[in-house]
Amino acid sequence: MSRLLPFFGFVLLVALFGFGIWWNTQHDQREVPSPLINKPAPAFVLPRLDEPAQTVSRDSLLGKPYLINVFASWCIACGDEHPVLMTDGKSIGVPLIGYNYKDAANDAKAWLAEHGNPYDMVIVDQEGRTAIDFGVYGAPESFLVDGKGIIRYKHIGPLTPDVIKTELRPAIAALAKETSP
Amino acid sequence: MSGHRALGALLLALMFFTGIAFAQAIDPLPFKNHAEEVRFQNLTRELRCLVCQNENLADSNADLARDLRHEVFDLMQSGKSDDEIKQYLVDRYSDFVLYDPPVQSSTLLLWFGPLAILLAGAVVVVVTVRRRSRVAPVATMDDKSTDEGDDW
């Protein structure tokens with residue numbers, strides 16, 4: 001019996017490594033969990049892309065849920081995401097707010113002119129200073145903010161039809177259920 | 001001959017200085033003194049670059065890492081302690097920004113797992129050795145002749 005002990009030890013280690021490999025295939029190691037979920041969205045005041053003299057603040061958006069989508073013309077994955085936003089953006093039931101991240105205004109405008117503009121409003125963070133408060137570490141990223149200004153859901157990477165169907169729409173539906181009764 | 005040597009020395013000096021100039025050009029931050037710079041270097045070395053993920057903030061060339069270095073620098077200037085600066089980043093990017101994760105229920109296995117495995121191995125070895133020496137001390141002496149060459 002005790003002769004087999006090293007063998008059992010070996011089997012145990014193999015099982016442990018196997019579990020590790022399996023676990024890694026189930027989880028995206030590059031996704032950094034946001035500590036901001038269920039916390040108030042950071043206060044921000046950012047200019048609009050089309051009217052730089054006009055600013056949008058967190059407080060001015062209170063009252064209705066909305067989806068903030070971080071994008072930039074230099075971001076390749078945003079190019080994959082864009083057609084999805086064009087088809088599904090209008091039907092998700094909340095305003096879609098573009099968050100133009102570290103982009104030149106002219107590049108962003110040209111990009112939207114070329115590919116279409118799925119956003120109800122585009123705000124600009126050229127320095128990326130507010131993005132640090134949001135914990136943004138790349139683009140695209142999307143934040144669902146409820147009417148009280150609380151971040152309820154975050155998606156890192158491009159929104160796909162699958163993500164919209166299985167994650168975003170249920171999250172929005174849950175918000176609607178909260179506010180209706 | 002000496003001309004060649006002088007040229008070589010000059011080239012070497014040039015390489016050396018351009019190397020330094022390059023390192024400076026990545027991030028020319030206006031430190032007040034050397035101690036402050038050392039503190040900044042130590043702090044950014046303990047923080048992870050979120051984009052590259054296996055590099056720290058001090059070494060990373062990523063755009064966000066540069067922004068966060070400036071953020072750390074600004075926080076230092078405003079008189080924040082190292083812990084406050086780390087907390088500031090943890091509030092935004094979670095514990096993931098720390099190279100040393102804090103000891104929590106979710107990280108117990110990470111911190112003490114290897115030690116537990118080592119201890120379990122040690123226990124097995126001690127128990128095995130003791131049992132063998134108790135059960136068959138003579139047998140092991142006899143086995144010695146056949147055991148030769150296996151020792152390493």
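Predicted model: local features only at pLDDT ≥ 70, side-chain atom pairs only at ≥ 80, totals over all residues.
Colleague: Why is A:Lys102 called buried?
Modeller: Its relative accessible area is 15%. Buried means under 20%. So A:Lys102 is buried.

Colleague: Which residue of chain B has a positive phi without being glycine?
Modeller: One is B:Ser94, with phi near 70°. B:Ser94 lies in the loop between α4 (82–93) and α5 (108–135) of chain B.

Colleague: Is B:Ser94 buried or exposed?
Modeller: B:Ser94 has a relative accessible area of 10%. The limit for buried is under 20%. So B:Ser94 is buried.

Colleague: What makes the peptide bond from A:Ala139 to A:Pro140 stand out?
Modeller: That bond is cis, with omega near -5°. A:Pro140 belongs to the loop between α4 (129–133) and β6 (141–145) of chain A.

Colleague: How is the size of an interface often given?
Modeller: As the accessible area lost when the parts come together. Here, about 1500 Å² is buried between chain A and chain B. Carbon and sulfur atoms give 53% of that area.

Colleague: Which residues of chain A lose the most area to chain B?
Modeller: A:Val32, A:Ile132 and A:Tyr137 do. Together they make up 33% of what that side buries.

Colleague: How many residues of each chain are in contact with the other chain?
Modeller: 19 residues of chain A touch 20 residues of chain B. Across the interface there are also six residue pairs in polar contact, with both residues at pLDDT 80 or more.

Colleague: Which helices of chain A each supply at least two residues to the side that touches chain B?
Modeller: α1 (5–26) and α4 do. α4(A) gives the most, with four residues. By type, that side of chain A divides into eleven nonpolar, three polar and five charged residues.

Colleague: Why is strand β3 of chain A called largely enclosed?
Modeller: Count its residues, 66–71. Six of the six are buried, so the rest of the structure largely encloses β3.

Colleague: How do the side chains alternate in a regular strand?
Modeller: They alternate between the two faces of the sheet. In β3(A), A:Tyr66, A:Ile68 and A:Val70 point one way. A:Leu67, A:Asn69 and A:Phe71 point the other way.

Colleague: What makes β3(A) and β6(A) a pair?
Modeller: Two strands pair if there are at least two bridges between them. β3(A) and β6(A) have five bridges, in the antiparallel sense. So they pair. In one of these bridges, A:Val70 has A:Glu141 as its partner.

Colleague: How do β3(A) and β4(A) run?
Modeller: They run parallel, joined by five bridges. A:Ile68 stands opposite A:Ile97 of β4(A).

Colleague: How do you know that A:Tyr119 and A:Asn69 make a polar contact?
Modeller: Their side chains come to 2.6 Å. The cut-off is 3.5 Å for a pair of N or O atoms, one able to donate a hydrogen and the other to accept it. So this pair qualifies. A:Tyr119 also contacts other residues, including A:Phe71, A:Leu85 and A:Leu112.

Colleague: Why does A:Tyr119 count as buried?
Modeller: Its relative accessibility is 6%. The limit is under 20%, so A:Tyr119 counts as buried.

Colleague: What makes B:Glu36 buried?
Modeller: Its relative accessibility is 11%. That is under 20%, so B:Glu36 counts as buried. B:Glu36 lies in helix α2 (residues 34–45) of chain B. A polar atom of its side chain lies 2.6 Å from the backbone nitrogen of B:Lys32.

Colleague: How many helices and strands does chain B have?
Modeller: Chain B has six helices and zero strands. Buried residues make up 24% of its 152 residues.

Key:
Residues numbered from 1 in each chain as written. Chains lettered and ligands numbered in written order. Heavy atoms only, no water. Buried < 20%, exposed > 50% of the residue type's maximum accessible area, 1.4 Å probe, protein only. Contact = heavy atoms within 4.5 Å. Buried area = accessible area lost by both parts, 1.4 Å probe. Nonpolar A, V, L, I, M, F, W, Y, C, P; charged D, E, K, R; others polar. Lists of a residue's contacts leave out its neighbours within four places in sequence.
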